[in-house]
Amino acid sequence: MTTTPRWRALTQHNLFWPVAVLVVLLLINVPFTPGFFSIKMTDGHLYGSLVSIVLFGSPLILVAVGMTLVIATGGIDLSVGAVVAITGALTCSYISDEANQDSLSGVFLAMGIGLIAAVVCGLWNGFLVARMGIQPIIATLIIMVAGRGVAQLITDGQIITINSEPYKLIGGGYWLTLPFSIFVVAAVVAIMVALTRRTALGLLVESVGGNAEASRLVGIRSMRIKIMVYVFCALCAGIAGLMISSNTSAADGNNAGLWIELDAILAVVIGGTSLTGGRFSIGGTVVGALVIQTLTTTIYTIGVPTQTNLVFKAAVVIVVCLLQSPKFRAKVFGAKFRSGTGTKDGGTSSATPADGASTTAAAPKMEVS
């Protein structure tokens with residue numbers, strides 16, 4: 001039995017190729033932006049390209065993290081962009097009507113109203129999917145279409161501008177020299193990791209994604225799990241909506257969060273989570289979101305024409321997805337890069353995936369009872 005070399009085992013890790021692409025994208029910016037990796041302190045705040053990537057990528061990371069759980073249950077949520085718009089519209093609309101827009105009580109109440117609306121949207125999606133048995137892509141398409149109209153009704157089709165310093169902190173403020181949104185994202189990701197990897201919740205979500213009916217038969221309340229993940233996804237989208245509207249001090253019901261659902265799905269896929277449900281990777285999703293945001297920054301940095309930037313973006317995403325495919329790597333680079341083998345000519349390897357899962361094809365996702 002041949003032991004897999006350490007470097008080969010590293011290439012088989014689910015985060016290797018997303019991280020490799022992220023590093024390449026960052027390095028591409030260096031010739032076009034001297035000092036791309038430099039970070040400087042100005043007025044007590046850290047500034048730099050890397051800080052900006054994390055700052056502007058924070059809303060996408062939040063939405064993608066919520067989307068990860070939904071996809072892990074075998075679903076999809078196309079309504080997150082509309083939820084972003086509704087949350088921002090409700091919050092900014094309430095603040096704009098306040099006599100004192102800097103009132104902390106008024107800002108917190110406005111944020112609460114926006115987040116409650118997001119949770120209601122998540123409950124609606126979960127009800128349609130789990131209770132009514134409607135296909136997730138159809139159930140969430142309802143709010144994707146209608147929700148954008150609701151956001152414009154709230155704003156009367158106008159862009160609502162506000163001037164609230166406390167609210168500005170969420171998406172455009174700084175704390176301890178770093179953008180405050182970074183701390184918000186770190187807190188949400190940490191809580192999610194703790195709940196899904198330190199408790200049985202993660203295994204329950206994966207079991208529902210693997211086989212919802214089998215999960216129900218062994219005593220897992222799959223309907224509640226599905227409703228919960230849709231609510232969590234909508235809540236993450238709501239927080240992202242607060243960030244986006246806070247960063248611009250305005251609510252745009254038409255453009256806020258537009259197509260963010262597609263970037264979130266791409267981030268989840270790039271991170272290694274299968275769209276068919278089952279096992280998921282939170283760390284991979286975060287890296288995937290950073291890849292998407294870095295790619296957006298790179299497009300503008302290298303001067304790709306605006307009319308072709310979506311084509312360029314799609315090409316890079318295709319390359320990332322192909323690099324993650326064991327079959328593609330085996331055909332292009334040879335059998336030694338085939339995931340799970342570790343040796344040429346179909347040799348057997350003693351290595352196992354990084355998450356400790358069995359490499360045998362019969363390894364069930366339903367080991368919960």
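What follows is a walk through this predicted model, from the chain as a whole down to a few individual residues.

Let's start with the overall picture. The chain has 369 residues, and 46% of them count as buried. If you take the contacts with a separation of 6 or more, 74% of them are between residues 24 or more positions apart.

Now have a look at the loop that runs between α12 (260–270) and α13 (282–301), where Thr 273 sits. Is this threonine buried or exposed? Thr 273 counts as buried because its relative accessibility is 3%, under the 20% cut-off. Its side chain has a polar atom 3.1 Å from the backbone nitrogen of Ser 281. Once neighbours within four places in sequence are set aside, the contacts of Thr 273 include Thr 68, Ile 71 and Val 268, along with Arg 279, Phe 280 and Thr 285.

That last partner is worth a stop of its own. Thr 285 belongs to helix α13, and with a relative accessible area of 0% it is buried. Which side chain does Thr 285 meet in a polar contact? The partner is Thr 68, and the two side chains are joined at 2.7 Å. Gly 278 and Leu 204 are 74 residues apart in sequence, yet their C-alpha atoms are 9.7 Å apart in space.

Helix α13 also takes us to the second largest pocket, where it gives the most to the lining, with five residues. The space in this pocket is about 810 Å³. Other elements that give two or more residues to the lining include α3 (49–72), α11 (222–248), α12 and α14 (309–324). In total 27 residues line the pocket, and those nearest its centre are Leu 258, Asp 263, Gln 293, Thr 296 and Lys 313. What is the lining like by class? It has 16 nonpolar residues, nine polar and two charged.

Next comes helix α7, residues 165–172, in which Tyr 167, Ile 170 and Gly 171 are buried. These residues lie on the same side of α7, because they cover an arc of only 75 degrees around the axis. Where do the buried residues of α7 pack? They pack against α3, α4 (80–96), α5 (104–131), α8 (180–197) and α11.

Finally, check the backbone in two loops. Most residues other than glycine have a negative phi. Asp 156 has a positive one, near 55 degrees. You'll find Asp 156 in the loop between α6 (136–154) and β3 (159–161), and it counts as exposed, at 63% relative accessibility. Trp 259 also has a positive phi, near 65 degrees, and its place is in the loop between β6 (250–252) and α12.

How values were computed:
Residues numbered from 1 in each chain as written. Predicted model: local features only at pLDDT ≥ 70, side-chain atom pairs only at ≥ 80, totals over all residues. Heavy atoms only, no water. Helix = DSSP H or I, 4+ residues; strand = E, 2+ residues; numbered from the N terminus. Buried < 20%, exposed > 50% of the residue type's maximum accessible area, 1.4 Å probe, protein only. Polar contact = N/O pair within 3.5 Å; in protein donor to acceptor, adjacent residues only side chain to side chain. Contact = heavy atoms within 4.5 Å. 1 Å grid on protein atoms, 1.4 Å probe; cavity = no way out; pocket = protein on both sides within 12 Å on 5 of 7 lines; lining within 4 Å. Points joined across faces, edges and corners; volume = space filled by probe spheres on them. Nonpolar A, V, L, I, M, F, W, Y, C, P; charged D, E, K, R; others polar. Arc of directions from axis to C-beta.
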